[in-house]
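Welcome! Open your viewer, load the model and keep the selection tool at hand. We will go from stop to stop together.

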Amino acid sequence: MRVFCESKDFQNDMQDLANFFDPDESIAFNIHHSDRTLDSTLTSKIMLENNGDVKEYVKFFTIPVGLSALREKSVKKSFFKNHLYLVLSAVLKKSLPWGSLTGVRPCKFMREMVERGEVKEHIVPEVLMKEFFVSEDKAKLVYEIMKHQKCIIKNDKLVDLFINIPICPTRCNYCSFISNELCKIAGKVDVYLDCLLKELKAVKNLIADKSYIVRTIYIGGGTPTVLTAKQLDRLLGEINYPVSEFTVECGRADTITREKLEVLKRHNVNRISINPQTFCESTLKRIGRKQTNKQIFDAYMLAMEFGFIVNMDMIAGLPGEKLGIFKRSINTLLELSPENITVHTLTIKNGASLKEDRSQVAEKDVPKMVDYAEKVLQQNGYKPYYIYRQKHQIGGLENVGYFRDGHICIFNIDSMEDVSSVIGVGAGAISKRVFNLENRLEREPNCKFIEDYISRIDEMVEKKVKFFS
Ligand SMILES: C[S@@+](CC[C@H](N)C(=O)[O-])C[C@H]1O[C@@H](n2cnc3c(N)ncnc32)[C@H](O)[C@@H]1O
Ligand code: SF4
């Protein structure tokens, strides 16, 4: 379905909503949208064109008085999307789990409404259901997650530090992250580390000069433990801030060794992730993820021996998996009982080799997988604490992070909710600066590719210092 909006400001959001109804772009409708404002009455007109047959749908709305220009635009956008949602769900006889919401951060959307005093927190589920047509389950999920985000602190001096290692042992076929296979850049890893250390030194001075306080540290990727123990030691030697949360995303179990975990422990890392994605070994082979269950179990035992808090990532909808296989993986995960579990819904983006063959994905089973995970995790004492959605996610679903026994990862909440500044170091890292009083956020990306990052390191450092000064 193609959308043509008269007001270009709304084009992308309206097209995104249409895409959620038509993920494989198989419906041949053209949707024309126009709007008029007379006094405070807003008219939304949708013309649905299907093989020469045109149907027209009109809806009116009274714009509340006294809104800022930005708020007025956002209110109009919600009204147009709601109108399109109602038309398409009636014509296609289909409802979407997230109703007319297309944004990446459903909790942020509602939290800001609560903060503006437009909605009382206890009626968040009703508002999501009545005003945005969100399903009851998802509306309650948002409310539940908001209850576990009370650790949010809004303070312009607090920052999270993120360091990116966009290198992996091999490439998984569903992945669209910019990450390099080790064999292709092995000769550049030490130079990349030199540049990271240069950037980290500048960041250390910046933090001291501007009196920033580092709240959490997260080394992600990619697969940071693709680095040798010696390289990890060198990198971590440059990162010494007194934080209570220091995470390294190990990811692939085949990269985890006792020696590397010893190095992490010595440098005060207290959280790691070991990501199975599935416990079905034939799926692991199919998706080109070269790790075995034995490697996952061994890595987990080692992590427990060292006393790390462990997160495990899973994906619902991996090619070749039906509901039964997914349920078995979740049950195995519950036996291991890591402190954190993140359940992702498969996203098929451009750039992933899986895009060529979507037929292996049991799309109808995916909502049942996500529901199953949510139900049994909660029955086993896990609570949801952060959420985000992506374009091209199967069934228009979501990714949810769960914790047990108080082990919330603050970095995940901060970065998904956009509530704290992030100093991003390394290729592909994005820095964010939050201005709480002005309710504003700015972003500053580093070069995406390792080669560019290396050749432009001085420029990266200079831009970073200026951005946070
Ligand atoms: C930054 S990524 C990579 C972490 C690490 N390299 C690994 O693979 O274990 C974090 C998580 O995103 C999820 N992910 C990556 N690609 C995905 C996709 N196409 N669809 C759904 N989830 C995805 C995976 O669960 C992955 O563990
Ligand atoms: S999923 Fe993780 S390990 Fe696999 S290619 Fe992507 S970033 Fe690397």
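Which residue in β12 is the bridge partner of N311? Select N340, for that is the partner of N311 in β12. Before going further, some ground rules: this is a predicted model, in which local features need pLDDT of at least 70, side-chain atom pairs count only at pLDDT 80 or more, and totals for chains, interfaces and linings use all residues. Residues are numbered from 1 along each chain as its sequence is written, while chains are lettered from A and ligands numbered from 1 in the order in which they are written.

**Stop 1: the whole chain**

Zoom out. The chain has 16 helices and 17 strands; helices (H or I, at least four residues) and strands (E, at least two) are DSSP runs, numbered from the N terminus. Along its principal axes, the C-alpha trace spans about 65 × 55 × 40 Å. The radius of gyration is 23 Å, which agrees with the value near 23 Å for a compact globule of 469 residues. That radius is taken over C-alpha atoms, and the globule rule is 2.2 Å times the number of residues to the power 0.38.

Now colour residues 1-94 as domain 1 and residues 158-459 as domain 2; these bounds come from an automatic or database domain assignment. The C-alpha centres of domain 1 and domain 2 lie 36 Å apart.

Of the 469 residues, 41% count as buried. A residue is buried if 20 or more other C-beta atoms lie within 10 Å of its own, exposed if 12 or fewer, and partly exposed in between, with C-beta atoms placed from the backbone. Among contacts with a separation of 6 or more, 72% are between residues 24 or more positions apart; a contact means that two C-beta atoms, placed from the backbone, lie within 7 Å.

**Stop 2: strand β11 and its partners**

Select β11, residues 309-316. Six of its eight residues are buried, so β11 is largely enclosed by the rest of the structure. Strand β12 (residues 340-345) pairs with β11 in the parallel sense over six bridges; strands pair if DSSP finds at least two bridges between them. Three bridges join β11 to strand β10 (residues 271-274), and these two also run parallel. Here S273 stands opposite N311.

β9 is mostly covered, with six of its seven residues buried.

**Stop 3: the two ligands**

Show ligand 1. Of the 20 residues around ligand 1, G251, N275, D313, H344 and T347 come nearest; a residue belongs here if its C-beta atom, placed from the backbone, lies within 6 Å. The shell divides into seven nonpolar, 10 polar and three charged residues. In this count Ala, Val, Leu, Ile, Met, Phe, Trp, Tyr, Cys and Pro are nonpolar, Asp, Glu, Lys and Arg are charged, and the others, Gly among them, are polar.

Move on to ligand 2. Its surroundings include C168, R171, C172, C175 and F177, as well as G221, G222 and G251. This shell has four nonpolar, five polar and two charged residues.

**Stop 4: backbone details**

Stay at G221: its peptide bond to G222 is cis, with omega near 20°. G222 lies in the loop between β8 and α8 (229-237). Most residues other than glycine have a negative phi, and most peptide bonds are trans.

Go to N51, in the loop between β3 (41-50) and β4 (53-62). Its phi is near 55°, a positive value in a residue other than glycine. N51 is exposed, with 8 other C-beta atoms within 10 Å.

**Stop 5**

Finally, pick K210, in the loop between α7 (189-209) and β8. What does K210 contact, leaving aside neighbours within four places in sequence? The answer is F468 and S469. K210 and S469 are 259 residues apart in sequence and 7.0 Å apart in space, C-alpha to C-alpha. K210 counts as exposed because it has 12 other C-beta atoms within 10 Å.
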